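Hi,

Here is the structure I promised to pass on.

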Amino acid sequence: MLSHLECARCGREHDADAVQNLCRECASPLLARYDLTRVARPTTENSLWRYRDVLPVRDPDPAFSLGEGMTPLVPLPALSRALDATVLMKDESLVPTGSFKARGAAVGVARAKELGIEGIKMPTNGNAGAAWALYAARAGIRSVIAMPEDAPLITREEVEASGAELRIVPGTIADAGKAIADVDLFDASTLREPYRIEGKKTMGYEIVEQLGWRVPDVIVYPTGGGVGLIGIHKALLEMRELGWISGDLPRLVAVQSTGCAPIVKAFDEGKAESTFWDAAYTSAFGINVPKPLGDFIILRALRETNGTAVAVTDEQIAADRAETARLEGVFLCPEGAATISAVRALREDGWLSADDEVVVLNTGAGIKYPTVRL
């Protein structure tokens, strides 16, 4: 049951039912907190709403859901043999809108509607904007979306089809953010509202439930804004407090491209925050984020779980995307393929052992990237 909002940096408490973006004290992201003494086991719903007691929507409308969540956790035996690792894939390609972004949009838009918000704005690398625009249309609220001109064309078409206002700008997601500064709507960009993370944390709940209420050794996540990684870590901490899991948490791994690796650089240098990555570019568009707002939360999660951060080349991502399709019949999105490249790199340097059970996140459908060549 939703209790209050808490600043991720200074710990200040805020009213959960107030409409606000960031902490009023230090302008840092807010996290939803729950009265965990009142949380029941999951319901039988075949969607993320099975975890309704640890979601912020006080009265979820069953008719609003598009069936988001409860995606399969798939063994990859042939690829595991090739990598000398034990790899399972959490396949988010089957979520509505074709990417895991639908989780955050479903919960974020439902909560916005509940709070009386009449419209949202956000910059995006593609999939998040598509998901939020479509769920906003379903909720009957306005949306204004800005995305870089090299974002996947299909995501642009999804936004336009929803009836949202779309602004295309040169540069990166940082430039897209500047392009909607004049829009007087609620800012739903990454970690500027507290509820997107709540939808995405359900990936963590599902992984543990699908493994029979136990945790894997390692979870590998493609990291741009990092909300999914932060959410999975939050879910693990909540489940441990609830007594649903015990022992060590999985080691979390943040994967980035060598063309945009602010988290990897900060992690390697032992810093608490990242610095802006100039001239950022990667064909894995979803992780092309020069400086995540929640960088300090991402780095904290990596260190608290004895995890790591690794950068892989776009060439290796393309090669592993092709190999996964050949060996497993799975057409990964580029960001999902980056997790395979990370497993390869971490096995080669010995950070991963052959006995480690590794869950990788395929965060979207490969068919949404028709211009990214193998």
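**Strands first, then the cavities**

His4 sits across from Arg33, a residue of strand 3. Before you go on, keep in mind that this is a predicted model. Strand 1 covers residues 2-7, and five bridges tie it to strand 3, with the two running antiparallel. So that you can find it on screen, strand 3 spans residues 30-34. Is strand 3 mostly covered or mostly uncovered? It is mostly covered, with four of its five residues buried.

Now for the empty space inside. Rolling a probe the size of a water molecule over the atoms shows where such space is left. How many cavities of 30 Å³ or more turn up? The count is three.

The largest cavity holds about 70 Å³ of space.

Around the second largest cavity you'll find Asn125, Pro148, Asp150, Ala151, Gly171, Thr172, Phe285 and Asn288. What does the lining of the second largest cavity look like by class? There are four polar residues, three nonpolar and one charged.

Happy browsing, and write back with any questions!

Notes
Residues are numbered from 1 along each chain as its sequence is written. This is a predicted model: local features need pLDDT of at least 70, side-chain atom pairs count only at pLDDT 80 or more; totals for chains, interfaces and linings use all residues. Side-chain values use heavy atoms; hydrogens and water are left out. On a 1 Å grid over the protein atoms alone, a cavity is a set of points where a 1.4 Å probe fits but cannot get out, and a pocket is an open set with protein on both sides within 12 Å along at least five of seven lines; lining residues have an atom within 4 Å of a point. Grid points are joined across faces, edges and corners, and a volume is the space filled by probe spheres set on the points. Ala, Val, Leu, Ile, Met, Phe, Trp, Tyr, Cys and Pro count as nonpolar, Asp, Glu, Lys and Arg as charged, and the others, Gly among them, as polar. Buried means under 20% relative accessible area, exposed over 50%, partly exposed in between (1.4 Å probe, protein chains only). Two strands pair if DSSP finds at least two bridges between them.
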